[in-house]
Amino acid sequence: MVDSAEKFRVLRTKFCHPNLSSDLVNRDRLIELLRGSQEVPLTLVSAPAGYGKSVLVSQWLDQYEGLSFWLSLDKADSSLRRFSAHLISNFQLQLPDHFQTTGKLLHSTDQIPVTALSACLLNDLLRLDRPCTLVLDDYHVIKAKPVDDALTFLLDHLPPPPGGMHLVIATRDDPHLPLARLRARGQLTELCATDVFCDVP
């Protein structure tokens, strides 16, 4: 297996979603919305700090029966290389026999074209024998067009459900992704503060 963690000093604690306490507010309706969002490529959970975005998605993942990956982002992940290294190491931690091609590409050169990296990752995803969900938490800290471009390429080329990968982005601000286009195509589910989070018992 290509050990992305060794070369890129990957922090595997970033792969752990928040621990849930026993006294959480009941959010069954929101969790049901997240469950239904599996039919589209992207789910956007957008609200200011303190609205419980990460906790909500964690509650849903605890009930999710498929293969899931969690990546908590920080400002340093605005580097496409670091972002990709964490992503691939995360995948390989659960699936050590997969994502070899993308892992090798990350080690092969210091300058990786966005389209080449995205295409390689997409091809590795297509080799999975089941659909999966990737959660990117705190995406608002990402201030890098190459990372946005890489995700846009993936969203534009993912196979239709139920195959491929479902992406969930938790953020305080709308990401620089083609949201208008995704809305027009019916490929986006949105949970935001004004229409969802305020309606919690």
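Predicted model: local features only at pLDDT ≥ 70, side-chain atom pairs only at ≥ 80, totals over all residues.

Analyst: Helix α3, spanning residues 53-63, is mostly covered, with eight of its eleven residues buried. The buried residues of α3 are Lys53, Ser54, Leu56, Val57, Ser58, Gln59, Trp60 and Leu61. Buried here stands for a relative accessible area under 20%.

Within its residues 100-108, the buried ones include Thr102, Gly103 and Leu106. These residues lie on the same side of α5, because the arc they cover around the axis is only 100°. Residues three or four places apart in an α-helix point the same way, since there are 3.6 residues a turn. On the face of α5 turned away from the buried side are Lys104 and Ser108, both exposed.

The loop leading from α4 (80-94) to α5 holds Phe99. Phe99 is not a glycine, yet its phi is positive, at about 65°. With a relative accessible area of 2%, Phe99 is buried, since the cut-off for that class is under 20%.

A positive phi turns up at another loop position too. Asp138 has a phi of about 65° and is likewise not a glycine. Asp138 sits in the loop between β3 (132-137) and α7 (145-157). Its cover is described by another class: Asp138 has 26% relative accessibility and counts as partly exposed.

Of the 201 residues in the protein chain, 50% are buried. The accessible surface of the chain is about 9,800 Å², and carbon and sulfur atoms account for 52% of that area. Turning to contacts, take those between residues at least 6 apart in sequence: 80% of them join residues at least 24 apart.

To return to the helix asked about, α3 has eight buried residues out of eleven, and the buried share of the protein chain is 50%.

How values were computed:
Residues numbered from 1 in each chain as written. Heavy atoms only, no water. Buried < 20%, exposed > 50% of the residue type's maximum accessible area, 1.4 Å probe, protein only. Helix = DSSP H or I, 4+ residues; strand = E, 2+ residues; numbered from the N terminus. Arc of directions from axis to C-beta. Contact = heavy atoms within 4.5 Å. Areas by Shrake-Rupley, 256 points an atom, 1.4 Å probe, with all protein chains shown as cover.
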